[in-house]
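Please read the sequence and the structure below side by side.

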Amino acid sequence: MTGRGDQSVSLDLLKQKMANFAKERDWDQFHSPRNLLLALVGEVGELSEIFQWKGEVPKGLPDWKEEEKVHLGEELSDVLLYLVRLSDICGIDLGKAALRKVELNAIKYPASSNTNDGIAHTS
Ligand SMILES: Nc1ccn([C@H]2C[C@H](O)[C@@H](COP(=O)(O)OP(=O)(O)OP(=O)(O)O)O2)c(=O)n1
């Protein structure tokens, strides 16, 4: 494993690493918006398979084997990496866009509207 320990990982670092990865393999030609979107959806499918047929699972996944958690981390990473790459190729600053969206969400769903019934009020 080549993890970065306690260091925080920025979207910018992941963007740069994906750009280098593609460049070194001459894969920029394959990393078109549509191809990346399809790859992303495929990885979401692989992520879903991990939870498929398990029913609801408790937070923190206390009963999962270590290898299952490692696998989950890999599939979550594939989704993130393709999302970061897709955003980059489309010229979207994902970090900025996500922060803006969090702000928009807070306006749309003010904390005072929380009825504590566990149901998201979407209209
Ligand atoms: N043209 C490609 C192919 C792969 N990757 C990178 C991004 C993903 O993080 C990972 C995806 O690799 P695989 O297609 O081999 O998918 P998996 O790792 O999920 O393997 P498998 O489908 O065998 O489980 O590699 C990429 O950037 N561009």
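## Overall fold

The chain has four helices and zero strands, where helices (H or I, at least four residues) and strands (E, at least two) are DSSP runs numbered from the N terminus, and along the sequence the pattern reads α-α-α-α. This is a predicted model, in which local features need pLDDT of at least 70 and side-chain atom pairs count only at pLDDT 80 or more, while totals for chains, interfaces and linings use all residues. Residues are numbered from 1 along each chain as its sequence is written.

From an unreviewed UniProt entry comes the record "domain: NTP pyrophosphohydrolase MazG-like" for residues 32-100, given in the numbering used here, with a shortened feature name, and such annotations may be inferred rather than shown by experiment. Over residues 32-100 the chain is 72% helix and 0% strand.

## Around the ligand

The residues around the ligand are F21, W27, F30, E46, D78, L81 and Y82, each with its C-beta atom, placed from the backbone, within 6 Å of the ligand. Helix α3 (residues 66-89) gives the most to this shell, with three residues.

## Two loop residues

D26 is found in the loop between α1 (11-24) and α2 (33-51), and its phi is near 60°, a positive value in a residue other than glycine. Most residues other than glycine have a negative phi. D26 counts as exposed because it has 8 C-beta neighbours inside 10 Å, and a residue is exposed if 12 or fewer other C-beta atoms, placed from the backbone, lie within 10 Å of its own.

W53 is found in the loop between α2 and α3, and phi of W53, near 70°, is also positive.

Terms used. A residue is buried if 20 or more other C-beta atoms lie within 10 Å of its own, exposed if 12 or fewer, and partly exposed in between; C-beta atoms are placed from the backbone.
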